[in-house]
There are 4 protein chains.
Amino acid sequence: MLDELHEECGVIGIYNGENVARNVCMGLYALQHRGQESAGFAISNGEKIRVRKSMGLVSTLLREHNVDELQGFAGVGHVRYSTTGSSTLANAQPILISCKWGQLAIAHNGNLTNAAELREEMEEAGHIFQTTSDSEIFLHEIARTQAPNLKEAIKKAISKLTGCFCMLILSKDTLYVARDGFAFRPLSIARLGNSWCVASETCAFDLLGANYVRDIQPGELLTITKEGLQSETFTQKGRLAHCIFEYIYFARPDSKIFEQSCDKIRRKMGKQLARECPVDADIVIPVPDSSTTAALGFARESGIKFEIGLLRNHYVGRTFIDPTQNVRSQKVRLKFNPIEGVLKGRKVCVVDDSIVRGTTLKILSKMLRDSGALEVHIRIASPPVAHACYFGMDFPNAGELAASSMSPQEIAKMLGVESLGYLSIAGMKECTSAPSDYCAACFDGIYPEYIGKEAGKFSCG
Amino acid sequence: MLDELHEECGVIGIYNGENVARNVCMGLYALQHRGQESAGFAISNGEKIRVRKSMGLVSTLLREHNVDELQGFAGVGHVRYSTTGSSTLANAQPILISCKWGQLAIAHNGNLTNAAELREEMEEAGHIFQTTSDSEIFLHEIARTQAPNLKEAIKKAISKLTGCFCMLILSKDTLYVARDGFAFRPLSIARLGNSWCVASETCAFDLLGANYVRDIQPGELLTITKEGLQSETFTQKGRLAHCIFEYIYFARPDSKIFEQSCDKIRRKMGKQLARECPVDADIVIPVPDSSTTAALGFARESGIKFEIGLLRNHYVGRTFIDPTQNVRSQKVRLKFNPIEGVLKGRKVCVVDDSIVRGTTLKILSKMLRDSGALEVHIRIASPPVAHACYFGMDFPNAGELAASSMSPQEIAKMLGVESLGYLSIAGMKECTSAPSDYCAACFDGIYPEYIGKEAGKFSCG
Amino acid sequence: MLDELHEECGVIGIYNGENVARNVCMGLYALQHRGQESAGFAISNGEKIRVRKSMGLVSTLLREHNVDELQGFAGVGHVRYSTTGSSTLANAQPILISCKWGQLAIAHNGNLTNAAELREEMEEAGHIFQTTSDSEIFLHEIARTQAPNLKEAIKKAISKLTGCFCMLILSKDTLYVARDGFAFRPLSIARLGNSWCVASETCAFDLLGANYVRDIQPGELLTITKEGLQSETFTQKGRLAHCIFEYIYFARPDSKIFEQSCDKIRRKMGKQLARECPVDADIVIPVPDSSTTAALGFARESGIKFEIGLLRNHYVGRTFIDPTQNVRSQKVRLKFNPIEGVLKGRKVCVVDDSIVRGTTLKILSKMLRDSGALEVHIRIASPPVAHACYFGMDFPNAGELAASSMSPQEIAKMLGVESLGYLSIAGMKECTSAPSDYCAACFDGIYPEYIGKEAGKFSCG
Amino acid sequence: MLDELHEECGVIGIYNGENVARNVCMGLYALQHRGQESAGFAISNGEKIRVRKSMGLVSTLLREHNVDELQGFAGVGHVRYSTTGSSTLANAQPILISCKWGQLAIAHNGNLTNAAELREEMEEAGHIFQTTSDSEIFLHEIARTQAPNLKEAIKKAISKLTGCFCMLILSKDTLYVARDGFAFRPLSIARLGNSWCVASETCAFDLLGANYVRDIQPGELLTITKEGLQSETFTQKGRLAHCIFEYIYFARPDSKIFEQSCDKIRRKMGKQLARECPVDADIVIPVPDSSTTAALGFARESGIKFEIGLLRNHYVGRTFIDPTQNVRSQKVRLKFNPIEGVLKGRKVCVVDDSIVRGTTLKILSKMLRDSGALEVHIRIASPPVAHACYFGMDFPNAGELAASSMSPQEIAKMLGVESLGYLSIAGMKECTSAPSDYCAACFDGIYPEYIGKEAGKFSCG
């Protein structure tokens, strides 16, 4: 998949801890794969919340701001990816506001499907917007809600939202945590000494030495105060719709996602793929690093040798000179180099996690062949991506999705490979513990809720 | 006065021009003395407004952003000073929002005296605040106002404001310009080819080669469109209350302020001071550069030789190493050096524009004496500053004002000088064309309107 | 090994090309693993050589300098690691000088063992030094040599050097390439259209699409002009002493080093290790990424399942907050996270490429056990490192090397693991094509030449 | 003159002090007018000398480096202006080298007239050059000189130099101070508690609170150690040749230069100008700030009113957007604005310190007339500049000097003014205490020593 697809956020919150700002940033390091465009944190010292944000990676955030300047007992952090159009510091999170409930900082992972309608209604009602983030819409909803207290306001506000959201809302003394009723995106809570830690993925807990307690429940609003946790349900439980793409690509394999080890599911998918689409090959190689786990599963099941046939250069970052025009493949070459000794004279099966546009895989396939591969077979550890996502993934327009206009055979021809095999939708779902609890809309087009016309108009949190 | 006092903003707007972003920034260079903490500009291309802001000087803004990236036909710019507490990019202007009237960018110079009440009311009504600037309050008021169109909304919103404001509001196709009914701060309009130019001071027009047309009227709302200017009055004309401190210190002497040459008024004040507080001295020297004009007037009237006895180092900027503790005067010495040949064996009369705390003048007086001055006489070209300002000046607390607790004789003793003379309030006012049209509240405590309890709580625009 | 050991340089040169500066920088991206402290390039347009250097990664170099500003037909580039003491821009390469031969830019990978003597002699003779790099010593030698022309001067100068060097010397019209007679470090030449390309590793050629021609020969001086290549031998051929650590750790597995595929040798070492030190384990895991190839070989040979049990976070860069004192392992945790599902209840064999201090491996072993590993066995795909290197590797003092004072059993105890096995020296050498052509002094203490007392005093190139 | 002419350096040295790095930087602030392109300091702690340099102002140096990081008991500092071609950090000073005498840091103000010959000879002798600064040549000469000790080496090396130099050479324990026998550039020594302070201008002493002791003598080598001062003469005393332009433009008026108050001489020149070139004008105005003192003298002598008719904007720095092509005067307008109230209907006499190209004065003259000046008369407080300088001033080529091809009448016509008057050479010299002790070669073409063909080829220190 390789940079063709972007998850849109990672969130973390810590309550009642020491070195909160440091630990929030540590956690953001672990969540960096979920967003590389901006990073930020907000810390409350009980009287005042302060915020620091930067465009770029967590390492940029730490270079531009002194993390020890913000002392406090609770904090939230956020990493974000965003499309070019809205790539400004104004959209970076956490967003810190002041309203009738006092100061509130929000860190949000998700995508509201009724953002456009809500925003239009709010603008009509006299509200102003300083970002193009749909998280700001939620803040307006909290601020304008008539309620006896902040918690009730949050509950009422949340109940108006459709779509997908993992929300951390920090007031000067309380951390509120909410997850949509479909539970699209992962969100878990852990214990670290006397403090509570909430994060998008459990790999952040591991880094901090925190002990996983449980997932936040679908439709749950958790209120964390000095007195402890208080759990409420703000929406009736309906069907679940965990994003199955978290297992395929987004989440780190060392995370426990939706209460299951991502690594295990991803490996199962590789094995299932081997059963569904057997191949006659000498070696199996992954496109590192995202498909390594699936490739290991594929190799195990098929009995074909697992090899590292493509090397990834991790030093290539954002700052980059445009490659000369006549060498289009140079950008891909900068990231990947084939290992000739592994490939030469071999029939090679490449396992990748998914195909979006297919442009990178086309260049890679040629590179493999140029390095002496006799045959190149592609096996994709997920079904063809053919539909838009309105719940937090930044897919290109349907028109640019390879599978929206081409059959697998046509894609194989475009890629210039001997064969191409996809995992089936049923096969993929069966690799999970509860197939019906997942959203696979990008594959099957079956959305768990009605999608408004302007869904996706605003940047997701 | 020397860094002890800060004006809080300068604004500029250009409509229907070429190279609008460049010219707005040129104008900001000319207005830089009105604010050095942040600078920014917003440009409309007729379809979309975009904004660029930086902490620091206009030169920093131009280094951090490519001014030619924002092409358009209209723009507004802003330079801002702010107290430490609220010194963040979030408070920098122009503030760009989206609301039911579309995108709006605001550049504001002034201070709302009912900001706290309005903000409290708005928060109660469900609004959220992302800055501590009172300009944001005005934007909320526009956004929530029920009106047939944006212009009417602005009119209604403005009429709720008390205090002092020079507002430039840019929508995608129109530039609105408003000035409070007291006309506290200067604001003028000029013609530059086919374009209109509005600015805090006429020195910006000079730089751009624009021709001064007139001042914006007290209580006037000017609507500038492709069709031309349309003028309306949004408030009944009451008394005027031009800030007399603009003549004393803030405005550049080459600007025409309140329809009079700042240079001329400032010189008159120096002459009047010479008549009121004659001195037996060999030379008259200014504290450069702000009191040079007044010192010239004083020298002319008194017949005492004008000299440059203190040299100012203009290379000393914000980046600075704290001077060693036991050399308190080093920071002042970095900025000013006495010229011994001028001072030695002379009775020296120092003319300064005003005294706020008096700490710098105390160090300067000692420096003069150390350089051989036989006597040091201080003449201040304004009356004793003894009261707070709620209309755009960032005075220290009354308790820190030298004149709030000390008589001139006591101040002279504190400064360690032979004599100290202030201009009288009456004498000062008579230097202007219409004494009753000015606010001199910081001297006489007579405020032109009722001042709420929490006035000054929020940062002024 | 993990950050405990640093190669000291990578070099690249391109002659007669288009977009030379861009291509040199592309090549530096591929060589980035050989040095991350500074990067630079020098370009000749035939009349003048100009240089650009930055502290940090190639991406920093490209952010700080406009690569297209330096147009020319030939260029050299350099990436460098250096010990803290000499970490300044002055030491970054290429070094550009002017001397009687005109302008010369040098890019050097290696370590002169007689640098201290030469420098002392030169200082006595009246030379001045502006860096602490031993490359500057070589430039002095060229400049002061009596010779009919530059090439002869270089030949004479090189013949005075002992130690290890891969030198690229760019004059305004010629590129000179020299490699020491022992051929310690890799250096190859390739053809790219009409241009020649010389680089430390062939992975740079792959990125540029250049075709590998051959290795620079031991003791060869290659003169590249518009007329073509001219090869000469400046030293009598003695024994070879290729650095075997290039295979173990430094070189990228996709590079062809010393005319052999690094990947293949590294894999053979893993297999040999499996034969020498069998283990009773359920899974074999590498410490990513440097030991992945060896681990694959080990797994293949032993028949034990290969798994990814440790995940590496590639977003962790240099900018970093010090972890809190009481959590010493946090820095290691930031880089590596165990995958519990893979490890739990398993007997785990960890393959690493080498042990220097052993501190990181100790923390990793504990992490594995905490994640449920029943047993932890360490297998090292190289012998114990017990001696200093004077030929380009920045080992810690012998006293800090685990193997200099502890037996493998003692190290195993220190690491807290069930067993520890090293590859034997003989076994290691047999994995190469010509065992006697390699230097393994860091393992066996047998240096290929006499080492002066002050060897290693100056920074290597 | 206005930016058309650039002094090339300022130097400062402090020996045996506390907070040496801070004080050196303080002193550099005072000397900033002598060079704005780079700034740096080198500090010795008795064992090691370390250096910090930045492109830009002292404020940039202090932002980029932590001044307190370099602790020591002695240091030297430098500010530098340089022509575009050699504007690189490599040329910034102090230059720190290692040689047979140990570490040496040099800070140099001046211009060697035999630099090209010396450098050619040195390159022939086998030396390498890493800068294009002629200070490096001097370092080579010290390093290669056969002498019993460093002091003798410096003496022998200095005696080979021709041209103009004020040298500070810091070894780890000693500060050497040398000034050429003509004493072209100013250099003085002062006492600050127990420490010695040497600087280009006494205004640096004033800032530090140091007490001026005396000027360094022509041809003097001063050796400052823990034991105290030791003075020697390295060259026979010949004629003196103080640069008279220091009085006219370079030095700060508050400095004592060549044992006389710069302010007083500059004022005398203004008075003499009034006597030589009387004018029928209503007001006299300076071009601020450099000609203010001369204008005051002119006004006093002529009896014409002194006024401030041009305002200078000190916020305009280096970062700048190119003004639109069709508004050529915008760059001048950014710096200067006429005060209409002062100028309108008046016959204006503008006093400037000198004319180099005359382009700025032409624009200013037009601005004055556009602001209503009835007549514009220019009076220049120095003679026509018609010859190159080889002793530290960066004049344009003779061909670009207005006075090299035009008579005063022709220049007046080019400027578009009613009259133009220059100070006579004799009149100028008589304003000094000893007319024959000054070099006025840029006016009269009489150089105090033979000028080699390639003088000026290398950047001066």
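This is a predicted model: local features need pLDDT of at least 70, side-chain atom pairs count only at pLDDT 80 or more; totals for chains, interfaces and linings use all residues.
User: Is Ser195(C) buried or exposed?

Analyst: Beyond four places in sequence, Ser195(C) touches Ile14(C), Tyr15(C), Asn16(C), Gly17(C) and Ala190(C). The relative accessible area of Ser195(C) is 4%, and the cut-off for burial is under 20%. Ser195(C) is therefore buried.

User: What about Lys226(C): buried or exposed?

Analyst: Lys226(C) sits in the loop between β12 (220-225) and β13 (228-233) of chain C. Exposed means over 50% relative accessible area. With 54%, Lys226(C) counts as exposed.

User: Which residue's side chain makes a polar contact with the side chain of Lys226(C)?

Analyst: Setting aside neighbours within four places in sequence, Lys226(C) is in contact with Tyr15(C), Asn16(C) and Phe73(C). A side-chain to side-chain polar contact of Lys226(C) has a distance of 3.4 Å. The partner in that pair is Asn16(C).

User: How many of the 11 residues of helix α9 of chain B are buried?

Analyst: Helix α9 of chain B spans residues 292-302 and is largely enclosed by the rest of the structure. Its cover includes α8 (262-276) and β21 (347-352) of chain B, together with β18 (305-306) of chain D. Among the buried residues are Leu296(B) and Phe298(B). The count of buried residues in α9(B) is eight.

User: Which residue follows α9(B) with a positive phi?

Analyst: The phi in question is near 80 degrees. The residue that has this phi and follows the helix is Gly303(B).

User: Which residue of chain A has the C-alpha nearest the axis relating chains A and C?

Analyst: A rotation of 180 degrees, with 0.0 Å of shift along its axis, superposes chain A on chain C with an RMSD of 0.0 Å. The two copies are thus related as by a two-fold rotation axis. The nearest C-alpha in chain A is 3.3 Å from the axis, and the residue is His314(A).

User: How far apart are the closest C-alpha atoms of chain B and chain C?

Analyst: Chains A and C meet through the same surface, because 100% of the interface residues of chain A are also interface residues in chain C. Chains B and C, however, have no contact joining them. Their closest C-alpha atoms are separated by 14 Å.

How values were computed
Residues are numbered from 1 along each chain as its sequence is written. Chains are lettered from A and ligands numbered from 1 in the order in which they are written. Side-chain values use heavy atoms; hydrogens and water are left out. Buried means under 20% relative accessible area, exposed over 50%, partly exposed in between (1.4 Å probe, protein chains only). Contact means heavy atoms within 4.5 Å. Copies are superposed by least squares on the C-alpha atoms of residues with pLDDT of at least 70 in both. Helices (H or I, at least four residues) and strands (E, at least two) are DSSP runs, numbered from the N terminus. A polar contact is a pair of N or O atoms within 3.5 Å; within protein, one must be able to donate a hydrogen and the other to accept it, and residues adjacent in sequence count only if both atoms are side-chain atoms.
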